[in-house]
Amino acid sequence: MKYVIYISTSTSLFADAELEGILTISQKNNAINKLTGMLLYSEGCFVQVLEGDALAVETIYQKIKRDSRHKNIIELAQGQLTERIFPFWSMGFKAISNGELEKFEAYANPEENSLWDKDADHPALIVLKTFALSNRL
Ligand SMILES: Cc1cc2nc3c(=O)[nH]c(=O)nc-3n(C[C@H](O)[C@H](O)[C@H](O)COP(=O)(O)O)c2cc1C
C-alpha cells in the first residue's frame, strides 16, 4: 500500500459546482480503483492525500498532475502504508463553503469524524490538520 500527499493552487477560484465536479468523478473513480483519501480546499489551495495500491496511486496521481484546473503541484511526501488512514472514504472532502457538499455520501467533516482526535503521528494527518487549522476549515 502506498500514499502520496501534495499541495497545489487552483488555476481560478473554484465555485461549489466546480468542486462538486471534481468530487463526483473522484468518488466514482476512486471507488473503482480502491483508492481512498482526503481532499481539502481553501481559497484556491488544495491539499490531497491519496492511498491505495502503488500502481493505482501512481496512475491517478499522474493524471491529477496533468489536470489544468490546478498548478504549482508540490509533492510533500510519499511512502508505504501498512493500513489505510481513510479506509471508508473514496475521497473525503472539505471546503470552506461546504453547504451544498454535505449531501455527498463520502463527505467528511473533520470535526465530526474525530479524524483530528486520532494520534496525528502520520505525516499525512499532520499536514491535513495543519492545513485545516490554518484555514479554519
Ligand atoms: C485537485 C484535484 C484533485 C483530484 N482528485 C482526483 C481523485 O482523487 N480521483 C480522480 O479520479 N480524479 C481526481 N481529479 C480529477 C482528475 O484530474 C481527472 O479529471 C478525472 O480523474 C477524470 O479523468 P478522465 O476524464 O480521464 O476520466 C482531481 C482533480 C483535481 C484538480
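Hi everyone, this is a short tour of the largest pocket in this structure and the ligand in it.

A word on ground rules: this is a predicted model, where local features need pLDDT of at least 70, side-chain atom pairs count only at pLDDT 80 or more, and totals for chains, interfaces and linings use all residues. Residues are numbered from 1 along each chain as its sequence is written, and side-chain values use heavy atoms, with hydrogens and water left out.

Let's start with the pocket. By pocket I mean an open set of points on a 1 Å grid over the protein atoms alone, where a 1.4 Å probe fits, with protein on both sides within 12 Å along at least five of seven lines. The largest one has a volume of about 300 Å³, volume being the space filled by probe spheres set on the points, which are joined across faces, edges and corners.

Who lines it? There are 16 lining residues, meaning those with an atom within 4 Å of a point. I22, S26, I64, D67 and R69 lie nearest the centre. α1 (16-32), β3 (45-52) and α2 (54-65) each give at least two lining residues, and α1 has the largest share, with 5. These elements are DSSP runs: helices are H or I with at least four residues, strands are E with at least two.

Now the ligand, which sits in that pocket: more than half of its atoms lie within 2 Å of the grid points. Around the ligand are 16 residues, each with a heavy atom within 4 Å. S26, N30, Q48, K63 and D67 are the closest.

Which side chains make polar contacts, that is, N or O pairs within 3.5 Å? D67 places a polar side-chain atom 2.6 Å from a ligand oxygen. For K63, a side-chain N or O is 3.0 Å from an oxygen of the ligand, and S26 has one 3.5 Å from a ligand nitrogen. Taken alone, the ligand exposes 620 Å², and the protein buries 79% of that, by Shrake-Rupley with a 1.4 Å probe.

Key: Polar contact = N/O pair within 3.5 Å; in protein donor to acceptor, adjacent residues only side chain to side chain.
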